[in-house]
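Thanks for making time this morning; I would like to walk you through one model, strand by strand, and then step back to the whole chain. Please have the sequence and the structure in view while I talk.

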Amino acid sequence: MGGVTSSMAAKFAFFPPNPPSYKLVKDEATGISVLDPFPHRENVDVLRVPTRRGNEIVAVYVRNPMATSTLLYSHGNAADIGQMYELFIELSIHLRVNLMGYDYSGYGQSSGKPSEHNTYADIEAAYKCLEESYGAKQENIILYGQSVGSGPTVDLASRLPRLRAVVLHSPILSGLRVMYPVKRTYWFDIYKNIDKISMVKSPVLIIHGTNDDVVNCSHGKQLWELCQEKYEPLWVKGGNHCDLELYPEYIRHVKKFISTVEKTPSRRNGSRRSTDGIEQLRQSTDHYEPPRRSMDQRDKPRRSTDTREKPRKSTDTREKPRKSTDRPPRLKFHEYTKFNSIDKLEKLKVSLDHMERMERSRRSVEYHDKSSRSNDQQLEKGRKSVDWLDRIRAD
C-alpha cells in the first residue's frame, strides 16, 4: 500500500526540472565540488549527503560570518538548487544566517526517485549534516519550507521540540487539499500538514500571498490558526505563489522574525542530542499511516476568521517563474510546476466517489453477512427443538 501511495504522490506532486539546471563538477586539483555554471565561492560548500533510504542528495551550504542562526531551506516541487542558488546567497546576506539548501531525491543531481517518504529522509539527512559537519545545534536552526517543501519541514519540526523557529512560505494543508477541497484525510493523501502543525512547538511564521492561484491563501490561514506558538503572519496583499520575494515587506518581516527569535531565550529544554530525537520520535514514515480524522473536522471553531475565502480548486499547481529579493532581472527561477491538469482532477474526483461507493458497499455486505448468520443460527435452534420433540414423542 505504501508503494501505491508513493506512486500516486509522484504523479501529482513532483516535477523535477528536466534536464537539471546545473551539473556537479569536481576540481581535480583541489577536490572541491562546484555547481556548474556558477563560479566557486569561498563561503559556499557543495556536498553529497547520504540518506537513510539509500539515496545521495546534493546540498549547498552558505556561510555568513555574522550568523548566529542556520536556515535549512526546503524548496518547491519544480525547482532544483541550481535555480535557487542565487536566492540562497542573497537570503544568507540579507537575513545574516548560514543557509543550507538541498535537492530532494530524484531532483537535480541527487540520486533516487522523488517520493513523500524520500523527502522526509532527505531533510533528516540535511539536518544531520548541519549538526555533524557544521556543529549547528537544534536551538539555532530555523526550518524554512516553501509550498511542497512545507511538507518535509512540518514533519521534521513536529519531531524536534527545541528548534529555534519555523518559516512556512505559501504552505499547503495537504497535497490533496490543493487540488480538491476534501473535508477528511484520505490514506493516499500526502504531506498532511493539517494533522501535524499542532505538534510543532517552535515559533512559526507563515507567509502567503492573498492572490495565490496555486495554493489558496486559506491554506496558510488555517495552518496559522492551528499553530501552538503563533508569530504575526504575513499576508502579502496581491502576492501570488512565486513572487513574494519581490515585495519589500517580505524580507523586512522575515528579518524581523529571525531577530525576534534570536533574542528570545528558548523555553523548550531537552538534554538529548536532536539526531537521537529524530530516530526515537519518528513515527515511522516508512510504513502505512492509518487514516485519521482531519483537523478540518476536529478544530472547526478555530478556523480562520476570513470566512469569505474558501479553497479554490486548482487545475494546475506547477509554479511560475520566481524572482529574487532585490535583483529580479538577473535571476531566473522556474519554481513549481503545477500539481495537476483538469483531466487528472476529474480522475481524482471519480476515484474519491468510487472509494465512497466501495465503502458503502462493504458496510452493506457486512450487514448482510451478519443478518444471514443470525438467520442460520435461528434455523439451527429450531431444528434442534424439533429433534428434541421427536425424541420425546418416540419415548
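Predicted model: local features only at pLDDT ≥ 70, side-chain atom pairs only at ≥ 80, totals over all residues.

Let me begin with strand S5, where both faces are covered: Thr70, Leu72 and Ser74 on one side, and Leu71 and Tyr73 on the other, are all buried, and by buried I mean under 20% relative accessible area, with exposed meaning over 50% and partly exposed in between, using a 1.4 Å probe and protein chains only. S5 spans residues 70–74, and five of its five residues are buried. Strands here are DSSP runs of E with at least two residues, helices are runs of H or I with at least four, and both are numbered from the N terminus.

Residues are numbered from 1 along each chain as its sequence is written, and side-chain values use heavy atoms, with hydrogens and water left out.

Now, which strands pair with S5? One is strand S6, residues 98–102, which pairs with S5 in the parallel sense over four bridges, where pairing requires that DSSP finds at least two bridges between the strands. Within that pairing, Leu72 has Met100 of S6 as its bridge partner.

Is S8 itself enclosed or open? Five of the five residues of S8, residues 165–169, are buried, so the strand is largely enclosed by the rest of the structure. Ala165, Val167 and His169 point one way and Val166 and Leu168 the other, and all are buried. S8 pairs in the parallel sense with strand S9, residues 203–209, over four bridges, and Leu168 stands opposite Ile206 there.

Stepping back, the protein has eleven helices and 13 strands, and buried residues make up 50% of its 395 residues. Of the contacts with a separation of 6 or more, 73% join residues 24 or more positions apart, a contact meaning heavy atoms within 4.5 Å.

For those of you thinking about cysteines, the count of disulfides is zero, taking a disulfide as a pair of cysteine sulfur atoms within 2.5 Å. Cys129 counts as buried at 10% relative accessibility, and Cys242 counts as buried at 5%.

Finally, a word on confidence: the protein averages a pLDDT of 79, and 64% of the residues score at least 70, on the predictor's per-residue confidence scale from 0 to 100. Over residues 269–275 the pLDDT stays under 50, and the model has 13 contacts for them beyond four places in sequence. The pLDDT is also below 50 over residues 283–292, a stretch with 15 contacts beyond near neighbours in sequence.
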